[in-house]
Amino acid sequence: MTEASKPGAVPAGRHAHGVLLTVAYDGAPFSGFARQPNARTVAGELDGAVRVLAPEATPVRGASRTDAGVHALGQRVAFDTSRDLPARAWLHSINRELPPEIRVTRAAAAPPLLEPRFAALRKTYRYVLFESRVADPFQRGRSWRIVDRLNHELMRATAQPLLGEHDFAAFRAAGDERADTVRRLFRIEVRTGRRDDARLSEIIVEGNRFMYRMVRIIVGSLVDVASGRLDPSAIERALAQKKRELLGRTAPPEGLYLDSIEMGDEGHDAWP
């Protein structure tokens, strides 16, 4: 159900113009993307900024409900309004109203009622591991510090059975009650020794759709395999038996980044 079709929503006829934004944010100060009562959220901040410019605008609709502490470089957000502004004006004007932890990096005109969740074709997440026995204050809230030695080649090999289309029922957290648990993963890539800091490794996960905490469960399980805490066969067994208890830890949120979302409709007259 779209925001505009919910009971009490403003009729779509008042909103002749749709706007599609690409949004980056530091997730540390927020209780996730989705709006919540009595909590500071990314969607709540965006709603407030948009309504300074267009008080009749619909609430923003995001492509991904990132958890508290999760970061984004390429979240996609849409809203509808009766106000007609060029994309450059929307970008600069909204950014002036946002806190410094959130920035719109692209704006485009889009069809009214565009739902980014359903228009998304591919999502790419990146998880940052900080492999060090000593903490670094500049990595706090930006990565997961791992003190164990990791077998990166074993991590790569163990991830291979997850590629393609599977029932990922075992790879979701409690509270995700969706009946459809089939997803397709296009890529799982383990990168080691980042140029800017050799202590940093990254796990890239790209797929068509994801369930609640799916990427963090994949990452936590791969790390447990790579550190000797979990048998490598557990990944395939969990996939086949659909049992979460066969897998490893859920990686903490602060190392996760929503890097990009490929949309079926990218909008038009975009800036920049």
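Which residue forms a salt bridge with Asp196, and how far apart are the closest N and O atoms? I found Arg194 as the partner, with the closest N and O atoms 2.8 Å apart. I took a salt bridge to be a side-chain nitrogen of Lys or Arg within 4 Å of a carboxyl oxygen of Asp or Glu.

**Basis.** I worked on a predicted model, in which local features need pLDDT of at least 70 and side-chain atom pairs count only at pLDDT 80 or more, while totals for chains, interfaces and linings use all residues. Residues are numbered from 1 along each chain as its sequence is written, and side-chain values use heavy atoms, with hydrogens and water left out.

**Entry 1: salt bridges.** For accessibility I used relative accessible area: buried is under 20%, exposed is over 50%, and partly exposed lies in between (1.4 Å probe, protein chains only). I then looked up Asp197, which forms a salt bridge with Arg199, the closest N and O atoms being 2.8 Å apart. Asp197 is buried, with a relative accessible area of 13%, and Arg199 is partly exposed at 32%. Arg191 and Glu189 also meet through their side chains in a salt bridge, at 3.1 Å from N to O. Arg191 is partly exposed at 37%, as is Glu189 at 28%.

I next traced a network of salt bridges that links Arg122, Arg126, Arg187, Glu189, Arg191, Arg194, Asp196, Glu202, Glu206 and Asp259.

**Entry 2: charges over rings.** I counted a charge as sitting over a ring if NZ of Lys or CZ of Arg is within 6 Å of the ring centre and within 35 degrees of the ring normal. The charged end of Arg122 sits over the ring of Phe186, 3.8 Å from the ring centre. The charged end of Arg126 sits over the ring of Tyr257, 4.6 Å from the ring centre. Arg122 and Arg126 both belong to the salt-bridge network of Entry 1.

**Entry 3: aromatic pairs.** My search of the whole structure gave five aromatic pairs. One of them joins Phe168 and Phe171 edge-to-face, 5.6 Å centre to centre with 75 degrees between the planes. Rings of Phe, Tyr and Trp (its six-membered ring) pair if their centres lie within 6.5 Å; planes under 30 degrees apart count as stacked, over 60 as edge-to-face and the rest as tilted. Both Phe168 and Phe171 are buried.

**Entry 4: Ser201.** I located Ser201 in strand 9 (residues 200-207); strands are DSSP runs of E, at least two residues long, numbered from the N terminus. Ser201 is buried at 4% relative accessibility. Its side chain makes a polar contact of 2.6 Å with that of Glu131. A polar contact is a pair of N or O atoms within 3.5 Å; within protein, one must be able to donate a hydrogen and the other to accept it, and residues adjacent in sequence count only if both atoms are side-chain atoms. Leaving out residues up to four places away in sequence, I listed the residues that Ser201 touches (heavy atoms within 4.5 Å), among them Tyr127, His152 and Arg191.

**Entry 5: strand 1.** Strand 1 (residues 17-25) is largely enclosed by the rest of the structure, because eight of its nine residues are buried. It pairs in the antiparallel sense with strand 3 (residues 71-81) over eight bridges, where pairing requires at least two DSSP bridges. Leu21 has Val77 as its bridge partner in strand 3. Strand 1 and strand 4 (residues 102-110) are likewise antiparallel, over eight bridges, and Val19 has Ala109 as its bridge partner in strand 4.

Technical notes: Helix = DSSP H or I, 4+ residues; strand = E, 2+ residues; numbered from the N terminus.
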